[in-house]
Amino acid sequence: MINPHVWKSLPLSRVLHGILFFCLMAMPGAWASDPPRLTEAQTSHAAIVWGIVSYTRWPVQPSPLRVCFIGQTTQAEAIQRSSDWIEPEHNSVMLKLDTPNEAASRCDLLYFGTQALPATERILRQIAGKPVLSIEGQDFCSAGGMFCLEKADGNTRFSVSLDAVSRSPLRINPQVFRLSRQLREIGS
């Protein structure tokens, strides 16, 4: 039992802070906050990435699928958060690469963020001929990347570098090429 003399000597603010602390600690999930919801554009972008993955076959199907991000990207969180509900059949692990030298040995999918074109070209040369799916923005295909995501009129579309795909040991279902054309037609 609390000594009444001690109780009277405590400042009111300290008592209120103690009560507030006790109430917050007693509430389940009081400290856990839900991450912000993904925007429609982020969800669309992530859905296209996982759609491309679903049309891709590796020489040996990776389990887990190692998804790597290199450079600055605003899409990494959306791709990571959507992996469980967009592509549940793929067990995936997300990795942020600090050095590009790791890409060929540690990644099955390499998502490029913003970085200098020479750095991107150097990494693409390192993964050439390896079973690594490469995805980035619209100028990426001309640098040797496989899939180039483009935003136009609030929509995300993609194009495919047939040259990069043909030199890869990955097998891409031809339906993905049809899907790319359909998305382009919708956006025009």
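Colleague: Let's start with Thr156. In which strand is Thr156 found?

Modeller: Thr156 sits in strand 7, which covers residues 155–160. Keep in mind that this is a predicted model, so read every value here as computed from it.

Colleague: Is Thr156 buried or exposed?

Modeller: The idea is to look at relative accessible area, and under 20% counts as buried. Thr156 has 6%, so Thr156 is buried.

Colleague: And how far is the C-alpha atom of Thr156 from that of Ala46?

Modeller: The two C-alpha atoms are separated by 9.6 Å, although Thr156 and Ala46 are 110 residues apart along the chain.

Colleague: Next, disulfides. How many does the count come to?

Modeller: General idea to begin with: a disulfide is a covalent bond between the sulfur atoms of two cysteines. In this model the count comes to two disulfides. Cys68 and Cys107 form one of them, with sulfur atoms 2.1 Å apart. Cys141 and Cys148 are joined by a disulfide too, with an S to S distance of 1.8 Å. Counting bonded cysteines along the chain, the pattern is 1-2, 3-4.

Colleague: Is each disulfide left-handed or right-handed?

Modeller: Look at the torsion about the S-S bond. For Cys68 and Cys107 it is -100°, and the link is left-handed. For Cys141 and Cys148 it is about 130°, so that disulfide is right-handed.

Colleague: Are these cysteines buried or exposed?

Modeller: Use the cut-off from before. Cys68 is buried at 0% relative accessibility, and Cys107 is buried at 1%. In the other pair, Cys141 is buried with a relative accessible area of 16%, and Cys148 is buried at 0%.

Colleague: Now helix 6. Which of its residues are buried?

Modeller: Helix 6 runs over residues 117–127, and Ala119, Thr120, Ile123, Leu124 and Ile127 are buried there. To see how they are arranged, look down the helix axis: the buried residues fall within an arc of 135°, so they line one face of the helix. On the other side of helix 6, Pro118 and Arg125 are exposed.

Colleague: What do the buried residues of helix 6 pack against?

Modeller: They pack against strand 2, helix 5, strand 4, strand 5 (133–136) and helix 7 (140–143). Look just after helix 6 as well, where Gly129 takes a positive phi of about 80°.

Colleague: Last topic: pockets. How much space lies in the largest pocket, and which residues lie nearest its centre?

Modeller: With a pocket, check its volume, then its lining. The largest pocket holds about 250 Å³ of space. Its lining has 16 residues, and those nearest the centre are His45, Tyr111, Glu136, Gly137 and Leu149. Strand 6 (147–152) and strand 4 each supply at least two lining residues, with strand 6 giving the most, three residues. By type, the lining divides into three nonpolar, nine polar and four charged residues.

Colleague: What volume does the second largest pocket have, and what lines it?

Modeller: The second largest pocket has a volume of about 170 Å³. It is lined by 13 residues, and Leu124, Ala128, Gly144, Ala164 and Arg167 are closest to its centre. Its lining divides into seven nonpolar, four polar and two charged residues.

Definitions and conventions
Residues numbered from 1 in each chain as written. Predicted model: local features only at pLDDT ≥ 70, side-chain atom pairs only at ≥ 80, totals over all residues. Heavy atoms only, no water. Disulfide = S-S within 2.5 Å. Buried < 20%, exposed > 50% of the residue type's maximum accessible area, 1.4 Å probe, protein only. Helix = DSSP H or I, 4+ residues; strand = E, 2+ residues; numbered from the N terminus. 1 Å grid on protein atoms, 1.4 Å probe; cavity = no way out; pocket = protein on both sides within 12 Å on 5 of 7 lines; lining within 4 Å. Points joined across faces, edges and corners; volume = space filled by probe spheres on them. Nonpolar A, V, L, I, M, F, W, Y, C, P; charged D, E, K, R; others polar. Arc of directions from axis to C-beta. Contact = heavy atoms within 4.5 Å.
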